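User: Could you take a close look at one ligand site for me and walk me through what lines it?

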Amino acid sequence: AAPIRLEAVSKRYADGTVAVEDLTLDLAAGETTVLIGPSGCGKSTVLRMVNRLIEPTSGRILVDGEDVAAADPVTLRRRIGYVIQQVGLFPHQTVRANVGTVPRLLGWSRSRIRERTDELLELVGLEPGRFGSRYPHELSGGQRQRVGVARALAADPVVLLMDEPFSAVDPIVRTRLQDEFRRLQETVRKTILLVTHDLDEAVRLGDRIAVLAERGRLQQYERPAALLAAP
Ligand code: ADP
Ligand code: ADP
């Protein structure tokens with residue numbers, strides 16, 4: 001089964017706004033698929049539906065072959081990692097505690113959580129001895145973003161959803177994070193659905209790019225080279 005499959009998914013909000021209409025999309029395992037399109041075309045709505053923060057009005061979303069509408073919320077938390085623009089770290093918890101959020105929810109032992117959080121901090125380039133006991137306000141924006149990525153990877157999710165993950169940091173840090181993201185993805189090879197409105201970022205990070213128009217209409221779904229070669 002595809003790690004993520006959307007089948008004829010539509011979303012109409014309570015006020016009547018149709019954000020997504022009849023979107024069908026299959027993601028390839030171990031690849032980064034970038035959703036790109038103008039502001040308001042439904043990108044965040046798609047991610048929020050996959051993560052079950054909101055429900056589709058019609059259609060189905062399958063993660064790892066299972067309908068998310070029927071999935072148990074804790075199981076879903078384990079299967080899906082989620083990284084958003086403003087990270088949303090818990091301000092009164094240390095870096096280690098933040099990274100260990102989902103493992104704690106899953107009832108892992110303290111020693112297993114400690115081992116896993118330190119391994120992840122290494123992976124995202126934050127030395128555990130130096131950064132593990134800090135609080136989010138003692139980090140730079142780029143470092144907070146890395147903690148967000150480590151937290152999302154903590155329980156080894158099947159898929160990683162990233163909503164504009166690098167847009168809140170300044171351009172120089174962004175370029176560095178993008179490079180690190182690529183190296184990280186070569187190591188972990190997650191199935192990633194990444195939303196951006198930045199074509200440059202899409203081409204740098206995407207194995208495939210899904211171009212959306214308004215109402216989540218899928219216009220193109222191509223590898224970056226094919227997209228750039230198109231007239
Ligand atoms: P994008 O992420 O591509 O900018 P969104 O998914 O955030 O787009 O929004 C898609 C459309 O749905 C927009 O027209 C937006 O105004 C509308 N929308 C988003 N959230 C809501 C909501 N909670 N209620 C009503 N309309 C919404
Ligand atoms: P970046 O260029 O990555 O955004 P900054 O210039 O914001 O980094 O921070 C530079 C260094 O100072 C980083 O290693 C960061 O961890 C450290 N730092 C930033 N803010 C604090 C703070 N409030 N307390 C301790 N160290 C900090």
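Analyst: Happy to! By class, the shell around ligand 2 holds 1 nonpolar, 3 polar and 4 charged residues (Ala, Val, Leu, Ile, Met, Phe, Trp, Tyr, Cys and Pro count as nonpolar, Asp, Glu, Lys and Arg as charged, and the others, Gly among them, as polar). This is a predicted model, in which local features need pLDDT of at least 70 and side-chain atom pairs count only at pLDDT 80 or more, while totals for chains, interfaces and linings use all residues. Residues are numbered from 1 along each chain as its sequence is written, chains are lettered from A and ligands numbered from 1 in the order in which they are written, and side-chain values use heavy atoms, with hydrogens and water left out.

The residues surrounding ligand 2 are R130, F131, R134, H137, E138, S140, Q143 and R176, each with a heavy atom within 4 Å of the ligand. For R176, a side-chain N or O atom is 3.4 Å from an oxygen atom of ligand 2. On its own, ligand 2 exposes 560 Å², and the protein buries 46% of that; accessible areas come from the Shrake-Rupley method with a 1.4 Å probe.

Methods:
A polar contact is a pair of N or O atoms within 3.5 Å; within protein, one must be able to donate a hydrogen and the other to accept it, and residues adjacent in sequence count only if both atoms are side-chain atoms.
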